[in-house]
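Here is a briefing on one protein model. Keep the sequence and the coordinates open while you read.

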Amino acid sequence: MLDGIFSFVLLDTRDNSYIVARDAIGVASLYIGWGLDGSVWISSEMKGLNDDCEHFECFPPGHLYSSKTGGFRRWYNPPWFSEAIPSVPYDPLVLRRAFENAVIKRLMTDVPFGVLLSGGLDSSLVASITARYLAGTKTAKHWGSQLHSFCVGLENSPDLKAAREVADYLGTVHHEFHFTVQDGIDAIEDVIYHIETYDVTTIRASTPMFLMSRKIKSLGVKMVISGEGSDEIFGGYLYFHKAPNKDEFHHETCRKIKALHQYDCLRANKATSAWGLEARVPFLDKQFINVAMSIDPESKMIKRDEGRIEKWILRRAFDDEEHPYLPKHILYRQKEQFSDGVGYSWIDGLKAHADQHVTNKMMRNASNIFPHNTPTTKEAYYYRMIFERFFPQNSARLTVPGGATVACSTAKAVEWDAAWKNNLDPSGRAALGVHLSAYNAETPLSNMPSQVIDNIPRMIEFPGVAIQS
């Protein structure tokens, strides 16, 4: 196993007792359910439980379930989990080596693989380290030393442009997939069925990843390395610019890591596995998390007057003048959430589509129809309708987190800026005064007009070299 990222079941044949364990962070999805006859069910998807179980729930990450005790016990209890403020001085070389080791560890494979490359800092570092160390591995002897990279986006989106430049710099065989707003809308029902959530930001980001994963698998690729987890560990989301002090900053990173199994890990795991593709995430390596989360959070704080932008300590760790990992402007590119980076008109198009299917009268009655996690926007209501059709059980709706959010924050962090209360949206552009393409602060997001970009060409595929298994 790669650092315990997989869940497993151990059966004692002497008395038929068993232990079920889930991975530390929740990289791979897992659910547990109980039948009317007292039986216990385990599944990587809710849909494997909803017909046979009276009740089911998320299997908590980092826990064991014992049939003898009938309860859970935490096995993963690292120092950062208590949220005590760490004090280890920042050492860029220590951080660099820890992440390089995490990536190298995930190069062990006997199947064709590649990297997901959005052109942002996290995926670009993953691609750069992979390209740098691949040649000397056994994997290269089997599949070749030239790395394959994959990107998805709307025509002329920020991610496509940046990813193309990084791929050229690293010399990867780059595969670029385009989709249109309508392509994404057409896939929404399939996405919700496979991802098993009604969370707005997860669905926004899962859709292009779902479409890309299908294309990647069609090339014969069976595993990809991705950049999830960095923003949670280093406070990379743009709302962290407003963290009032290092204590609040650190507490929020801890909350974000603990919730990853409900958001980014859920997306990365299910959007890829829906097509039989495995996603590996080196930022969530246990040893690397321990190193990164032991650093004094004062070093992670964003201080614009000192030239320290989000994830500054990670950027500095890989800012090597003699043997550069990335071009400077990529290394210091502003954070783009995946659902924004694939093209800003993607989210605008989703809102416009929801406007056509959800009326004002439906919104006024939303609290009666959906008393738990009541949707507050038409987009959220639209996703909820689809989810409830596939998963009508109360257990299913309880697996999805709720609460106010701005630019992917927790509800607690919304308190950092009073202006955010009128602009509650998971998009990074909701970080008013921070994102370079932020929404208009004068207009609440719920009142903003949405326009679908109709003149975007249909799906275009840039031919790459197919890898045969």
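The model is predicted. A search of the whole structure finds 30 salt bridges. Helices α1 and α2 pack at an angle of about 70°.

- Four bridges pair strand β3 (residues 31–34) with β5 in the antiparallel sense.
- G33 has F56 in β5 as its bridge partner.

- Strand β6 spans residues 63–66 and includes S66.
- Both faces of β6 are covered. H63 and Y65 are buried on one side, and L64 and S66 are buried on the other.
- In a regular strand, side chains alternate between the two faces of the sheet.
- S66 has a relative accessibility of 17%. Buried means under 20%, so S66 counts as buried.
- Beyond its neighbours within four places in sequence, S66 is in contact with Y18 and G71.
- Strand β2 (residues 17–21) runs antiparallel to β6, and three bridges join the two. V20 stands opposite Y65 in β6.
- Strand β7 (residues 71–74) also pairs with β6 in the antiparallel sense, over four bridges. The bridge partner of L64 in β7 is R73.
- β6 and β7 form a hairpin with four residues between them. In the turn, G70 has a positive phi of about 70°.

**The α1–α2 helix pair**

- Helix α1 covers residues 92–105 and helix α2 covers residues 121–133. Their axes are 10 Å apart and the angle is about 70°.
- That angle makes α1 roughly perpendicular to α2.
- On the α1 side, R97, F99, E100, V103 and I104 make the contact.
- E100 and R97 are three residues apart in α1, about one turn of the helix.
- E100 is buried at 2% relative accessibility, whereas R97 is partly exposed at 38%.

**Salt bridges across the chain**

- Side chains of opposite charge can pair when their charged atoms come close.
- E379 and R204 meet in a salt bridge of 2.7 Å, N to O. This pair links distant parts of the chain: E379 lies in helix α17 (residues 378–390) and R204 in helix α6 (residues 200–218), 175 residues apart.
- Both E379 and R204 are buried.
- D15 forms a salt bridge with K68, with 3.6 Å between the closest N and O atoms. D15 sits in the loop between β1 (8–12) and β2, and K68 in the loop between β6 and β7, 53 residues apart.
- D15 is partly exposed at 43% relative accessibility. K68 is exposed at 61%.
- A network of salt bridges links E45, K47, E196 and K270.

**R22, a buried loop residue**

- R22 is placed in the loop between β2 and β3.
- Its relative accessible area is 2%, so R22 counts as buried.
- Leaving aside neighbours within four places in sequence, R22 is in contact with S7, A28, S29, L30, F59, P60, P61, G62, H63, W75 and H261.
- One of these contacts, H63, is among the buried residues of β6.
- R22 and Y76 are 54 residues apart along the chain, and their C-alpha atoms are separated by 9.7 Å.

Methods
Residues are numbered from 1 along each chain as its sequence is written. This is a predicted model: local features need pLDDT of at least 70, side-chain atom pairs count only at pLDDT 80 or more; totals for chains, interfaces and linings use all residues. Side-chain values use heavy atoms; hydrogens and water are left out. Axes are lines fitted to C-alpha atoms, for helices over the stretch in contact, and angles run from 0 to 180 degrees between N-to-C directions. Angles under 35 degrees count as roughly parallel, over 145 as roughly antiparallel, 65 to 115 as roughly perpendicular and the rest as oblique. Contact means heavy atoms within 4.5 Å. Two strands pair if DSSP finds at least two bridges between them. Buried means under 20% relative accessible area, exposed over 50%, partly exposed in between (1.4 Å probe, protein chains only). A salt bridge is a side-chain nitrogen of Lys or Arg within 4 Å of a carboxyl oxygen of Asp or Glu.
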